[in-house]
Amino acid sequence: MILQILFTDSRARVLLAGCSLWLLASAVQAHSLRAEHTVFRVSTLDDVEEQLNRYRLTGDDGLLNAVGEFFGTTDSPATNRQHLLRAWHAQAIHDFAQASTYLAPLLSHGSIHVWLLEANLQRVLGNTLGSESACREVTVYSALFGQICLLQAQLQQGESPSMPLLSKLERMYTLLAERQ
């Protein structure tokens, strides 16, 4: 019921826009708080993952530069983890075609991380059907994240969220609230 009230056609867009603006403002603030970029050292895949996670929180381009330098000195990806980390990095520097190339071999194995990244890449590349398909794969791993992914895809297309989708989200929200 709560979600049905909150996610009417115009309110859903306003809510999504408000969340997006808050995230953008947070990123701008994180950038403006730093007078200069710190130099980071990356020597292992664990370091790469740590720096990419820190980048998501801070927006510090120095972290991306360090990861890029590491990848520039290593051989082409051999493991699934290397492919995924390279795809995350390529997406972060807005090289979406390269990110898709790194991600492609992982789609047959899949994981929630692979499918969420694929959904986002397809959305950015304007492939609505590809994004929705990836979101449906996400639901295999997490019904909540999958439904949120589908909702975001619908809203980005300018569609009104479907009532069955909103009902599912409401039920999941209620279950989560009861567990708290």
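What is the relative accessibility of Glu49, and does the residue count as buried, partly exposed or exposed?

Mentor: The model is a predicted one, and the values below are computed from its atoms. Glu49 has a relative accessibility of 28% and counts as partly exposed. The class follows from two cut-offs: buried requires a value under 20% and exposed a value over 50%, so a residue in between is partly exposed.

The salt-bridge partner of Glu49 is Arg81, and the closest N and O atoms of the pair lie 2.8 Å apart. Arg81 is itself partly exposed, at a relative accessible area of 33%.

Arg81 also forms a salt bridge with Asp46, where the closest N and O atoms are 2.7 Å apart. Here too the pair links distant parts of the chain: Arg81 sits in helix α5, which covers residues 80–92, and Asp46 in helix α3, which covers residues 45–58, the two being 35 residues apart. Asp46 is exposed, with a relative accessible area of 52%; the class applies because that value is over 50%.

Gln51 has a relative accessibility of 6% and counts as buried, because buried means under 20%. Leaving aside residues up to four places away in sequence, Gln51 touches Phe40, Arg41, Val42, Leu63 and Val67. The C-alpha atoms of Gln51 and Ala66 are 8.2 Å apart, and the two residues are separated by 15 positions in sequence.

Of its 180 residues, 38% count as buried. Among contacts in the chain with a separation of 6 or more, 49% are between residues 24 or more positions apart. The chain exposes about 10700 Å², of which carbon and sulfur atoms supply 58%.

A disulfide is a covalent bond between the sulfur atoms of two cysteines. A search of the whole structure finds one disulfide. Cys135 and Cys149 form it, with their sulfur atoms 1.9 Å apart. The pair links distant parts of the chain: Cys135 lies in helix α8 (residues 128–141) and Cys149 in helix α9 (residues 143–156), 14 residues apart. The torsion about the S-S bond of Cys135 and Cys149 is about -60 degrees, so the disulfide is left-handed.

How values were computed. Residues are numbered from 1 along each chain as its sequence is written. This is a predicted model: local features need pLDDT of at least 70, side-chain atom pairs count only at pLDDT 80 or more; totals for chains, interfaces and linings use all residues. Side-chain values use heavy atoms; hydrogens and water are left out. Buried means under 20% relative accessible area, exposed over 50%, partly exposed in between (1.4 Å probe, protein chains only). Contact means heavy atoms within 4.5 Å. Accessible areas come from the Shrake-Rupley method with a 1.4 Å probe; for residues, only the protein chains shown count as cover. A salt bridge is a side-chain nitrogen of Lys or Arg within 4 Å of a carboxyl oxygen of Asp or Glu. Helices (H or I, at least four residues) and strands (E, at least two) are DSSP runs, numbered from the N terminus. A disulfide is a pair of cysteine sulfur atoms within 2.5 Å.
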